[in-house]
Structures are given as C-alpha cells and as structure tokens.
Amino acid sequence: MKRFTVAGHITIDEVITNTESYHQLGGPPCFAASLGKTLGFDVEIITRIGEDLPDKYEPALEMLGISTRRSAGYQNTRFVLDYRYNPR
C-alpha cells in the first residue's frame with residue numbers, strides 16, 4: 001500500500017456566518033488525511049494534540065488514523081473564520 005505522511009497543526013476553527021456560528025476541526029492534517037484515506041493511502045500524521053481538544057472530536061480523528069493522545073501543557077491552534085461580511 002502507498003504511504004502518505006503529513007505534518008502540521010490540527011486546528012479548532014470557529015466559523016461565523018450571517019446565520020450561524022459553529023466550531024469544527026481544521027488544519028492540513030485533517031484535510032490531507034481525509035483525502036489520503038479516500039484515495040486508498042496508508043496515512044501517517046505528525047502533529048500534536050492539545051489538552052483543550054473537546055472529546056467530541058476524538059471519533060473523527062480516530063477515523064482518520066490520527067492519535068488523540070493529548071500533549072500536556074499544549075493548547076490547540078484556533079482560528080476564527082468570519083464570513084459575515086465577505087462570504088465565500
């Protein structure tokens with residue numbers, strides 16, 4: 001099987017639109033792992049998971065083959081994606 005390795009930050013994104021606001025997983029490791037799995041690759045992710053990762057994201061990360069072991073003293077990268085004034 002072909003291998004695919006990605007290194008980067010898993011993020012917790014807050015998405016704000018004119019009608020709603022919600023949080024979702026983001027960052028290159030999540031997107032690349034999803035693509036790699038879809039294309040049939042054995043995916044390896046090199047990242048660090050912060051203590052502040054909500055438990056509700058564990059199943060999605062595990063499905064992508066990303067370890068959910070938390071790193072003590074580390075906080076996840078977070079972004080606010082505000083599409084209220086310039087929608088995509």
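The model is a predicted one, in which local features need pLDDT of at least 70 and side-chain atom pairs count only at pLDDT 80 or more, whereas totals for chains, interfaces and linings use all residues. Residues are numbered from 1 along each chain as its sequence is written, and side-chain values use heavy atoms, with hydrogens and water left out.

Lys 37 belongs to helix α1; helices here are DSSP runs of H or I with at least four residues, strands are runs of E with at least two, and both are numbered from the N terminus. Leaving aside residues up to four places away in sequence, Lys 37 touches Val 43, Met 63, Leu 64 and Gly 65, where contact means heavy atoms within 4.5 Å. Gln 75, by comparison, is 38 residues from Lys 37 in sequence and 27 Å from it in space, C-alpha to C-alpha.

After α1 comes Gly 40, with a positive phi near 85°.

The wider plan of the protein can now be set out. The protein has two helices and seven strands, arranged along the sequence in the pattern β-β-β-α-β-β-α-β-β. Its C-alpha trace spans about 45 × 35 × 20 Å along the principal axes. Of the 88 residues, 33% are buried. Among contacts between residues at least 6 apart in sequence, 57% join residues at least 24 apart. The protein exposes about 5800 Å², and carbon and sulfur atoms supply 53% of that area; accessible areas come from the Shrake-Rupley method with a 1.4 Å probe, and for residues only the protein chains shown count as cover.

Five of the six residues of β2 are buried. Strands of a sheet pair through backbone hydrogen bonds, either parallel or antiparallel. With β3 (residues 21-26), β2 runs antiparallel and is joined by six bridges; two strands are taken to pair if DSSP finds at least two bridges between them. Within this pairing, Val 15 has Tyr 22 of β3 as its bridge partner. Four residues lie between β2 and β3, and the two strands form a hairpin. With β7 (residues 77-82), β2 pairs in the parallel sense, again over six bridges, and Arg 78 of β7 is the bridge partner of Ile 12.

Together these three strands make an open sheet of mixed pairing in the order β3-β2-β7. Because β3 and β7 stand at the edges and have a single partner strand each, one side of each is left without a neighbour in the sheet. On average, neighbouring strands of this sheet are turned by 25° against each other, direction ignored; the axes are lines fitted to C-alpha atoms, for helices over the stretch in contact, and angles run from 0 to 180 degrees between N-to-C directions.

Ring contacts come next. Rings of Phe, Tyr and Trp (its six-membered ring) pair if their centres lie within 6.5 Å, and planes under 30 degrees apart count as stacked, over 60 as edge-to-face and the rest as tilted. The count by this rule is one aromatic pair. Phe 4 and Phe 41 form this tilted pair, at 5.6 Å centre to centre and 55° between the planes. The pair links distant parts of the chain, 37 residues apart: Phe 4 is in strand β1 (residues 3-7), and Phe 41 is in the loop between α1 (28-38) and β4 (42-46). Phe 4 is partly exposed at 28% relative accessible area, and Phe 41 is also partly exposed, at 23%.

A charged group meets a ring elsewhere: Arg 48 lies over the face of Tyr 74, at 4.9 Å from the ring centre. A charge sits over a ring if NZ of Lys or CZ of Arg is within 6 Å of the ring centre and within 35 degrees of the ring normal.

Finally, Thr 68 is placed in the loop between α2 (58-63) and β6 (70-71). With a relative accessible area of 14%, Thr 68 is buried. Residues up to four places away in sequence aside, Thr 68 touches Ile 49, Glu 58, Leu 61 and Glu 62.

Conventions. Buried means under 20% relative accessible area, exposed over 50%, partly exposed in between (1.4 Å probe, protein chains only).
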